[in-house]
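I opened this notebook to record what I looked up in the structure, entry by entry. The model itself is shown below.

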Amino acid sequence: MTPDETRNIEQLLHALSRDIGLGCSFHFTDPIDCFPTSRNEAQGHIHAYLLRVDVEYAIWSRSSEYRRRWCLSDEAQLRVRRKPIQRLIDNAVRKLEKT
């Protein structure tokens, strides 16, 4: 991993902690999937990683803006309408079953 990639990962994990009130770490070092950005975004690819929540903070800076909702993968599949995200859930479950 390059120093830039390491810095980006550290920034991402810090943003999750600050904005969503979750202390996370990577469950796997490799992405669970990669897909193209949507039509409304700059052209590129999104690499999706499976994160493990290590700490759930009761109070965080943007708690009035965000609501956390935890569910099992089956419920997540029903709630999510976008096919790429549904595929991410499937891939994450399959990868977790292998470990």
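Entry one, the largest pocket. I sorted its lining by class and found 26 nonpolar, 3 polar and 4 charged residues. In this sorting Ala, Val, Leu, Ile, Met, Phe, Trp, Tyr, Cys and Pro count as nonpolar, Asp, Glu, Lys and Arg as charged, and the others, Gly among them, as polar.

The model is predicted: local features need pLDDT of at least 70 and side-chain atom pairs count only at pLDDT 80 or more, while totals for chains, interfaces and linings use all residues. Residues are numbered from 1 along each chain as its sequence is written, and side-chain values use heavy atoms, with hydrogens and water left out.

I noted 33 lining residues for the largest pocket, with Tyr49, Leu50, Leu51, Trp70 and Ile89 nearest its centre. I took a pocket to be an open set of points on a 1 Å grid over the protein atoms alone, where a 1.4 Å probe fits, with protein on both sides within 12 Å along at least five of seven lines; lining residues have an atom within 4 Å of a point. The volume of the largest pocket is about 1,200 Å³, counted as the space filled by probe spheres set on the points.

I then asked which element gives the most to this lining. It is α3, with 6 residues. Helices (H or I, at least four residues) and strands (E, at least two) are DSSP runs, numbered from the N terminus.

Entry two, serine 25 and aspartate 54. I located serine 25 in strand β1, residues 22–26, and aspartate 54 in strand β4. Their side chains are joined by a polar contact of 2.8 Å; such a contact is a pair of N or O atoms within 3.5 Å, where within protein one must be able to donate a hydrogen and the other to accept it, and residues adjacent in sequence count only if both atoms are side-chain atoms. A second polar contact, of 3.4 Å, joins the side chains of aspartate 54 and arginine 52.

Beyond neighbours within four places in sequence, I listed Gly23, Cys24 and Ser25 in contact (heavy atoms within 4.5 Å) with aspartate 54. Aspartate 54 is partly exposed, at 46% relative accessible area; buried means under 20%, exposed over 50% and partly exposed in between, with a 1.4 Å probe and protein chains only.

I counted 0 disulfides, a disulfide being a pair of cysteine sulfur atoms within 2.5 Å.
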